[in-house]
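Open the model in your viewer and keep the sequence panel beside it.

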Protein chains: 2
Amino acid sequence: MTFDDKLGLQVALEEAKKGFEEGGVPIGSCLLTEDGKILGRGHNLRVQKSSATLHGETSCLETAGRLPASVYKKCTLYTTLSPCPMCSGAALLFKIPRVVMGENDTFVGAEDWLEKSGVEVVNAHNDECKELMQRFIKEKPEVWNEDIGE
Amino acid sequence: MTFDDKLGLQVALEEAKKGFEEGGVPIGSCLLTEDGKILGRGHNLRVQKSSATLHGETSCLETAGRLPASVYKKCTLYTTLSPCPMCSGAALLFKIPRVVMGENDTFVGAEDWLEKSGVEVVNAHNDECKELMQRFIKEKPEVWNEDIGE
């Protein structure tokens, strides 16, 4: 399968920026098909909706709505930051075969688990994702710690 | 830590029954403190809210709202059915030290991952949880398959 990773990551980053502007945790996500269709996009809503489980990826999967297994199997899930255990688990639950992250310098989620389970994991080493996240953590460390259960 | 497992599982089962009555996937959950305070309770909302990620456990964590890590660390998460990878990941994310499931005859989630990660996992072998779930799967197999990405 070949995917437009530039598009997928760009949409995820747009979502992350939206989150930052709203005062929230700036992590964005996008669910993309092989033929470039954006099935879902979303960003972390901890602050905006007082939500414990609407991370970038789960928020994206929520906007994608109810989908049959056959659709997820042909998608890539993009996220601006290494996916936490819950979001990695969501990718595994729906058997999404490929996950592209913007970076994992800021935080390392459950990448190992994804890879061991046969998911293709790609790190885009994107500076913009990293700078946005590190700026947020510097400004609001307590919100970030809460988001990752620290 | 000692918990009132009877109470926790009872609340989770009440939620599952509520879900069944609403025509939804009958999986319920409860987040309980050691001193018996119910911090959250919820049930799967796939059908009711066209939600892909509001499983019993995530729905429960949503109603519990934003909590500091120090609170989760002193809780047990109850669920009527073995927790899927996403919900197991949610427990790991928030470092919830103990998970009690109603049963795992119907479905086996990511229990192994929880145990390997140091979470105490208890199976209550509850017949009522099992009967409710199996009745639902018999009546609406396509909704159940969608819920677990099959």
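A residue counts as buried when its relative accessible area is under 20%, and as exposed when that area is over 50%. Keep in mind throughout that this is a predicted model.

**Stop 1: chain A as a whole.** Select chain A and colour it by secondary structure. How many helices and strands does chain A have? There are 8 helices and 5 strands. Read from the N terminus, their order is α-β-β-α-α-α-β-α-β-α-β-α-α. The radius of gyration of chain A is 14 Å, close to the 15 Å that the globule rule gives for 150 residues, so the chain is as compact as a globular protein of that length. Its C-alpha trace spans about 40 × 25 × 25 Å along the principal axes.

Of its 150 residues, 60% count as buried. Among contacts between residues at least 6 apart in the sequence of chain A, 58% join residues at least 24 apart.

**Stop 2: strand β4.** Hide the surface and select residues 98-101 of chain A, which form strand β4. In a regular strand, side chains alternate between the two faces of the sheet. Show the side chains here: A:Arg98 and A:Val100 lie on one side, A:Val99 and A:Met101 on the other. Are these four buried or exposed? All are buried, and both faces of the strand are covered.

**Stop 3**

Stop 4: Select helix α5, residues 85-93 of chain A; with β3(A) and β4(A) it makes a right-handed β-α-β unit. Next select helix α6, residues 111-116 of chain A, which makes a right-handed β-α-β unit with β4(A) and β5(A).

**Stop 5: both chains.** Bring chain B back into view. A rotation of 180° with 0.0 Å of shift along its axis superposes chain B on chain A, at an RMSD of 0.0 Å. The two copies are thus related as by a two-fold rotation axis. To find that axis, select B:Met86: its C-alpha is the nearest to the axis in chain B, 2.5 Å away. Both copies use the same surface, since 100% of the contact residues of chain B recur in chain A.

Definitions and conventions:
Residues numbered from 1 in each chain as written. Chains lettered and ligands numbered in written order. Predicted model: local features only at pLDDT ≥ 70, side-chain atom pairs only at ≥ 80, totals over all residues. Heavy atoms only, no water. Least-squares fit on C-alpha atoms with pLDDT ≥ 70 in both. Contact = heavy atoms within 4.5 Å. Buried < 20%, exposed > 50% of the residue type's maximum accessible area, 1.4 Å probe, protein only. Helix = DSSP H or I, 4+ residues; strand = E, 2+ residues; numbered from the N terminus. Right-handed = clockwise from strand over helix to strand, strands pointing away. Rg over C-alpha atoms; globule rule 2.2 N^0.38 Å.
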